[in-house]
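Subject: Structure handover

Hello,

Here is the structure we talked about. Please open it before you read on; my notes follow below it.

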Amino acid sequence: IKVDNSGLYINNQVNIASYVSASTSTNATVNLDTFSTSTFRTARYVWQVVDGVKVHVSEMAVFHNNTTVYKNEYGIATSSGELGSFDATLVGGIITITFTPNYTPAAMIIKGNRTSVFT
């Protein structure tokens, strides 16, 4: 087991990391996480999106084949409907995870945990 600023490593095969966004009050897309396709093949996220009393939680599986990134969001639970949508893109060997609010939030904060498996 190894721990550094980028997370917890288990047997040099699995990385566990967490993320907290800055508070946002616009409906602009928020970049949440990035990772290199040469480092990780698969990642699983648990997300919590909170804006006042509005809460949106979900899980998401992401993987790639070095050309295309695939994602599946599941286990969605909300207090007042989905607050936006998650996406995953692959450009230049980097996968970027984003969230786009579907309204103008008051003070939205997005938190997440990633468990990733090395390539």
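Contact here means heavy atoms within 4.5 Å. With that cut-off, and leaving aside neighbours within four places in sequence, Ser58 is in contact with Tyr45, Val46, Trp47, Glu73, Tyr74, Gly75, Ile76 and Phe86. Keep in mind that this is a predicted model.

**Ser58**

Ser58 is found in strand β6. Is Ser58 buried or exposed? Its relative accessible area is 3%, so Ser58 is buried; the cut-off for buried is under 20%. One of its contacts is Glu73. The side chains of Ser58 and Glu73 are joined by a polar contact of 2.7 Å.

**The chain as a whole**

The chain has 10 strands and zero helices. Read from the N terminus, the order of elements is β-β-β-β-β-β-β-β-β-β. The C-alpha trace spans about 40 × 30 × 25 Å along its principal axes. The radius of gyration is 15 Å. A compact globule with 119 residues would have a value near 14 Å, so the chain agrees with that expectation.

Of the 119 residues, 34% count as buried. The chain exposes about 6400 Å². Carbon and sulfur atoms supply 53% of that area. Now the contacts between residues at least 6 apart in sequence: 59% of them join residues at least 24 apart.

**Salt bridges**

Side chains of opposite charge can pair when their charged atoms come close. How many salt bridges does the count give? The count comes to two.

Asp33 has 5% relative accessibility, so it counts as buried. Arg114 has 4%, so Arg114 counts as buried too.

Another salt bridge joins Glu59 and Arg44, with the closest N and O atoms 3.1 Å apart. This pair links distant parts of the chain: Glu59 is in strand β6 (residues 54–64) and Arg44 in strand β5 (residues 40–51), 15 residues apart.

**Nonpolar surface patch**

Which residues make the nonpolar surface patch? They are Ile1, Val3, Ile10 and Ile16, and the patch covers about 400 Å². Ile16 lies in strand β3 (residues 14–20). At 32% relative accessibility, Ile16 counts as partly exposed.

**A backbone detail**

Asn66 is not a glycine, yet it has a positive phi of about 75°. Where is Asn66? It sits in the loop between β6 and β7 (69–78). Its relative accessibility is 47%, so Asn66 counts as partly exposed.

**Where to look**

Best wishes

Key:
Residues are numbered from 1 along each chain as its sequence is written. This is a predicted model: local features need pLDDT of at least 70, side-chain atom pairs count only at pLDDT 80 or more; totals for chains, interfaces and linings use all residues. Side-chain values use heavy atoms; hydrogens and water are left out. Patches are made of residues with over 30% relative accessible area and no salt bridge: like charges are joined within 9 Å, nonpolar side chains (Val, Leu, Ile, Met, Phe, Trp, Tyr) within 5 Å. Accessible areas come from the Shrake-Rupley method with a 1.4 Å probe; for residues, only the protein chains shown count as cover. A salt bridge is a side-chain nitrogen of Lys or Arg within 4 Å of a carboxyl oxygen of Asp or Glu. Helices (H or I, at least four residues) and strands (E, at least two) are DSSP runs, numbered from the N terminus. Buried means under 20% relative accessible area, exposed over 50%, partly exposed in between (1.4 Å probe, protein chains only). The radius of gyration is taken over C-alpha atoms; the globule rule is 2.2 Å times the number of residues to the power 0.38. A polar contact is a pair of N or O atoms within 3.5 Å; within protein, one must be able to donate a hydrogen and the other to accept it, and residues adjacent in sequence count only if both atoms are side-chain atoms.
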